[in-house]
Amino acid sequence: MSATWNVDEFVKAAAVTVDELAGYVDESQRGLAPVLRRTPPAELAERLGLYSWIRTGGMTPDSYRDFLYDYLNEGTRLHHPAYLAHQVAPPDFPAALADFVHGAANNVMSIYEMGASAATVEFAVIRWMLGKVGFGAGGGGVLTHGGSLANLTALLAARARTAPEAWTDGVPPDLVLLAPPSAHYSLTRAAGILGMGARNVVPLPVDDLGRIDVARLPEVLDPARRPIALVADACATGTGLYDDLRGIGEFCAAHHIWFHVDGTHGASALLSDNHQHLLDGIELADSVVWDAHKMLRTSGVVAAVLTRREADLDAAFQQEAAYLFYGDQGFDQLRRTVEGTKAELGLKVFLNLAWRGERGMGDYVAAQYATAHRFWELAVSRPGFECPYEPESNIVCFRYGTGDQAALREQLMAEGSFHLSSTEIDGARHLRVTVMAPATDDRTLESLLDRIAETRPAATGH
Ligand SMILES: *Cc1c(COP(=O)(O)O)cnc(C)c1O
């Protein structure tokens, strides 16, 4: 049998894929199936026939259809109105098409000769993002496989500013990272990976909701220790609240500290006229990280690292130049990333933009933020529900009654009715709603509140 593509078979199998996905997304958006299933892995492997397929091969478009149906049906439905758990996008279809194209063409574009179009598309997307952040013509950027890698990359650039010798000589012992305790774990990890030691992440003073207390920032300055960067959240993973970027940025500028804005989730609010004020002062940052697979509706994973000065990013990996110009033949982005081979990440963002326009993308963000706010209004008007703050984004935290909040979440997941997440605020476990699916509406939110109130006895153990 030839190893070249049987193009007829491909066309059939692709048609099956489109057909099954269309049914799946349609059913999901209309909430006609459980939002998730929790079949134990051994049983699921059996149902999907995994080991037998691996042993014997021989899948055809027909048997693939059966497999794909079960595969999708047993997963988590991100387009479902009751999917309210994690900050992972229900992808829009143009981005899904980009994944398909990448899967076939595989133009891994970290060197220009491996994908001129893909590299150029990424460059255009980065220029667009730099413009949104307010970094202008002097800025630089690159797309990485996710926000965690993007944070690591930005902090490498930051370290290179404070201690350029660290790359060759090792990390001096006086380096610290300043970050709020609510910062995403990828930042503490980055400190570990960078060899600074996670213990040298100095917690910034915060209020009882975890927001950086700007007036108290001078407390963390210590002449014996050099901060490589100060991290602010836009917005914080747990609460969805934004730090005061302008106040923090001015403090950093006055003390010559690299200002890193983790806008992984919340930088997309720059696209909404009604919400961009939340990011006021972002242009003061030295580096910004912005995920597309959270609020720009691409699949996982795509994140941008953006720096105000392009040369700062070039210094991250201590190469002589980020872009290797071959006359007018383009550039290599390999020098700016941890990754060597890199997917066609820009195409996902680009196709969403090309289809929906910047305005359409901004409208999506605004709508999700508004729905979350509506949930808060509905929740605080009902007895037994407590919300510690008014939401600023599409993330809302709350408690119901005094019982075990985590058990409530488990129960909703077990019945497949709602997928929520949870977090700790000021030491107390809270339920957490992240409004990601465009299909989530007031009816969904009302029935969630009803369901929680009904399940109370089980949750509180009465
Ligand atoms: C999600 C998130 C990250 C991590 O991004 P990944 O793309 O999941 O690696 C980092 N910081 C914040 C604030 C986040 O919300």
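Which strands does helix α6 (residues 116-133) lie across? I began my notebook with this point, keeping in mind that the model is predicted. I found that helix α6 lies across β1, β6 and β7 (303-307), and that this helix runs at about 120° to β1.

**Entry on the sheet**

I then looked up the sheet to which these strands belong, and I noted an open sheet of seven strands with mixed pairing, in the order β1-β7-β6-β5-β4-β2-β3. Its edge strands are β1 (140-144) and β3 (201-203), each of which pairs on one side only. I also wrote down that neighbouring strands in this sheet are turned by 20° against each other on average, with direction ignored.

As a reminder to myself, strands of a sheet pair through backbone hydrogen bonds, either parallel or antiparallel. For one pair I checked the details: β5 (residues 259-262) and β6 (residues 287-291) run parallel and are joined by three bridges. Within this pairing, I found that His-260 has Ser-287 in β6 as its bridge partner.

I next turned to helix α7 (residues 147-162), which lies across β1, β2 (175-179), β4 (226-233), β5, β6 and β7. Against β4, helix α7 runs at about 145°.

**Entry on the nonpolar cores**

How many residues does the largest nonpolar core have? I recorded 82 residues, and those with the most contacts inside this core are Trp-290 and Leu-306. Helix α13 (residues 345-380) gives the largest share of the core, 12 residues. I noted too that the core draws at least three residues from each of domain 2 (100-352) and domain 3 (355-460). Apart from this core lies another one, of 23 residues, which includes Ala-163, Leu-187, Met-196 and Trp-258.

Cys-235 is in no disulfide, and the nearest cysteine sulfur, that of Cys-397, is 11 Å away. I also found Cys-235 to be buried, with a relative accessible area of 5%.

Is Cys-252 buried or exposed? I noted that Cys-252 is buried, with a relative accessible area of 1%.

Conventions
Residues numbered from 1 in each chain as written. Predicted model: local features only at pLDDT ≥ 70, side-chain atom pairs only at ≥ 80, totals over all residues. Heavy atoms only, no water. Core = buried A, V, L, I, M, F, W, Y, C linked by side-chain atoms within 4.5 Å. Buried < 20%, exposed > 50% of the residue type's maximum accessible area, 1.4 Å probe, protein only. Helix = DSSP H or I, 4+ residues; strand = E, 2+ residues; numbered from the N terminus. Domains from an automatic or database assignment. Pairing = 2+ DSSP bridges. Axes fitted to C-alpha atoms, helices over the stretch in contact; angles between N-to-C directions. Contact = heavy atoms within 4.5 Å. Disulfide = S-S within 2.5 Å.
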